[in-house]
Amino acid sequence: MKTREKLNILAMSAKYDVSCSSSGSSRQNSAGGIGNAENSGICHSWSEDGRCISLLKILMTNNCVYDCAYCINRSSNDIPRAIFTPEEIADITINFYRRNYIEGLFLSSAVFRNPDYTMELIIKTIELIRIKYKFNGYIHVKAMPGADPALIRKAGLLADRMSVNIELPSRNSLEYLAPQKTKRNILNSMNDISRNIEGFRIESKKVKHPQKFVPAGQSTQLIVGATPEKDSKIIKLSEVLYDKFSLKRVYYSAFMPVSSDNRLPAVQAPLKREHRLYQADWLLRFYGFSAEELFDAEEQNLDMDVDPKFAWAVRNLDKFPIEINNADYEMILRVPGIGVRSAKKIVFARRVTTLRFDDLKKIGVVLKRAKYFLTCNGAGFGKNDYNELSIKTGLLTDGKDKNTGQLLLFSDRAALPDPESVITAATGEL
Amino acid sequence: MLYYLYDGSFNGLMSAISESLTRRTRPENIIPEYYTRDDLFGDYISISSDELKSAEMINTVTARMGDETLSNIFYCYLSDSPEAGKIIFEYILLGMNTGKKINMHLTNDSVKPVLDIVRKVKCEQHRMLGLVRFRHVEDGLYYAAIDPDHNITGIIAPHFTRRMADQNWIIHDTRRNIAALYDKKRWEIVDIESSREPSDSDREMFYSDLWRNYFKTVSISERKNPKLQRQFLPKRYWKNLTELK
């Protein structure tokens, strides 16, 4: 089989993994070597679906012994199969890198023969790239659930990031749709990775240059809408993953039918839901929210009409309005329409000036949503007796906003050409 | 209306600003001498570049307004914006009063324009780290053509010296006729008059073709969204992108 054909098959099979980030590692180039990693991550292109391309995302092979219902590579699917040799992957990676097409390699695989055997193939490949080709660019590899911890450790010493995909957010769903992948195997492998990361962290306090173990951390992916789990269950799972397993990222992927199976929905899950989950995820990681706060007793799904921060704020009107010139940073962060960047600018700028609504606009605050929740030097924006209903109707009937950078993270329907996919596309840098 | 003209270099701009402050004037703009002078009633005064004066000005800025302020001024200068000279002048003028606190005045009319331009230049700088496309060409070197809005060649080159340390490369800004050259040891910016682009080596085709093919394959057709693609990757950059031109 020609390289081109193989690349087609093995890129096609890999593209449903949404992770594309190349951030979090600052690996330096070595003498006579090629490549380095940039802590911020770098996007190199954007495909027609608007998703960023940062890494060469391919599978070692799509020959799979498993038959997970949601997966395009399941053994019962009738698709062309291929396998790369480590040399082929190294050659494409290095030559793409030299032309600055990519930031590095994201190597995943179907389970070929068994998890250990697949893991060994992956290790062989990245060893070749790191050692023979002296490549110091970004490498993200998948750990095969249930693989020998020694193999996972070996791979992690060569990679910048490792991930194990949970895919389905509950044990029942896993048993139902992916009977060969057990929840225990997945969590054990994740645990192996986080233990090694912890070990590296402790080590780096004692010695100057410890052997790096996945410096960019661990991530995972959840498929949304294939199974009946509610948003609250998903976000609570993410919270545990961030807190207990110190994951760097949880990715959400709206279910898309890629194989026919009567245990699965026949239609694609709404991208909007995926978008709202990313917003809630951002609130956990950057805005000091807990999963508990984002849901109320009756409603276990996120509101599709407004973003989750806005939904939280109208449920908690007793905490507002806040005075922008003296409120705590933590509280400013909780105002809808104010992002991390604007909040920082506000606490910075108010040290030398008293902020008015006009200044907030200049700073990049989306007043359309923020105006209900704050005062500037005692003055409110228009009337001050808002209630949940008047705010929601006000927001939803407001005219179109001009598109500002702020809206990339928290946007409503009117603001962007297609807000659903913005976050998934921007992840290369996050 | 008073206009100062300088030779287009950073030292030239700093000399002109220094001169304007000494003369206690507040010019309408400070522009490179090769810009068109479209103000019929304007007074255009040329200020020659003076290294000593420029160095003094730079010292004053860092000592009184901090390193970040100097960095902002430099990025603003690189923007090639027609208003850059005026904006920088007003920024320094304000800095003479506010001192090191100058950059806290985010919403001030003499500060915000500077910060806005700096953000744009840094944004293009970062973006270009991903968008430079090298081709392997005849003489065994890697060649990339770029056409950035801002004069960023000099600030992206160091990234590539670290990253592509073991290959000879050229990054050619075809708009400004300058190029960064790297020979595995050091790099420099040179003027390039010829607009001829070198031809591909024999093996180039194989990889560029593979890449174009890969680029098409990874897009998920059910999520097709060309508007979003253009939002992240504006069309003006496409002509130098292997996968899109």
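A residue is called buried here if 20 or more other C-beta atoms lie within 10 Å of its own. By that criterion, 52% of the 430 residues in chain A are buried. The model is predicted. Chain A holds 15 helices and 10 strands. Of the contacts in chain A between residues at least 6 apart in sequence, 70% link residues at least 24 apart.

**The sheet and its helices**

Six strands of chain A form an open sheet with parallel pairing, in the order 3-4-5-6-7-8. The edges are taken by strand 3 (55–59) and strand 8 (249–254) of chain A; each has a single partner strand, so one side of each lacks a neighbour in the sheet. From one strand to the next, the twist averages 20°.

Helix 8 (residues 271–286) of chain A lies across strand 7 and strand 8 of chain A, and its angle to strand 8 of chain A is about 165°.

Helix 9 (residues 308–315) of chain A is largely enclosed by the rest of the structure, because seven of its eight residues are buried. The buried residues are A:P308, A:K309, A:F310, A:A311, A:W312, A:A313 and A:V314. The loop between helix 9 and strand 9 (322–323) of chain A contains A:P321. A cis peptide bond, with omega of about 0°, joins A:F320 and A:P321.

**Positive phi values in loops**

A:R113 has a positive phi although it is not a glycine, and A:E167 is likewise a residue other than glycine with a positive phi. Their values and positions are set out below.

| Residue | Phi | Loop in chain A |
|---|---|---|
| A:R113 | about 65° | between strand 4 and helix 3 |

The surroundings of each residue can be stated from neighbour counts. A:R113 has 12 other C-beta atoms within 10 Å and is therefore exposed. A:E167 has 22 C-beta neighbours inside 10 Å, so A:E167 counts as buried.

**The contact between chains A and B**

Chain A contributes 47 residues to the contact and chain B contributes 42 residues. Several elements of chain A each supply at least two residues of the side that touches chain B: helix 1 (3–12), strand 1 (45–46), strand 2 (52–53), helix 2 (86–98), helix 11 (340–349), helix 12 (357–363) and helix 15 (422–426). Helix 1 of chain A gives the largest share of this side, six residues. By class, the side of chain A that touches chain B is made up of 20 nonpolar, 15 polar and 12 charged residues.

How values were computed
Residues are numbered from 1 along each chain as its sequence is written. Chains are lettered from A and ligands numbered from 1 in the order in which they are written. This is a predicted model: local features need pLDDT of at least 70, side-chain atom pairs count only at pLDDT 80 or more; totals for chains, interfaces and linings use all residues. Helices (H or I, at least four residues) and strands (E, at least two) are DSSP runs, numbered from the N terminus. Two strands pair if DSSP finds at least two bridges between them. Axes are lines fitted to C-alpha atoms, for helices over the stretch in contact, and angles run from 0 to 180 degrees between N-to-C directions. Two residues are in contact if their C-beta atoms, placed from the backbone, lie within 7 Å. Ala, Val, Leu, Ile, Met, Phe, Trp, Tyr, Cys and Pro count as nonpolar, Asp, Glu, Lys and Arg as charged, and the others, Gly among them, as polar.
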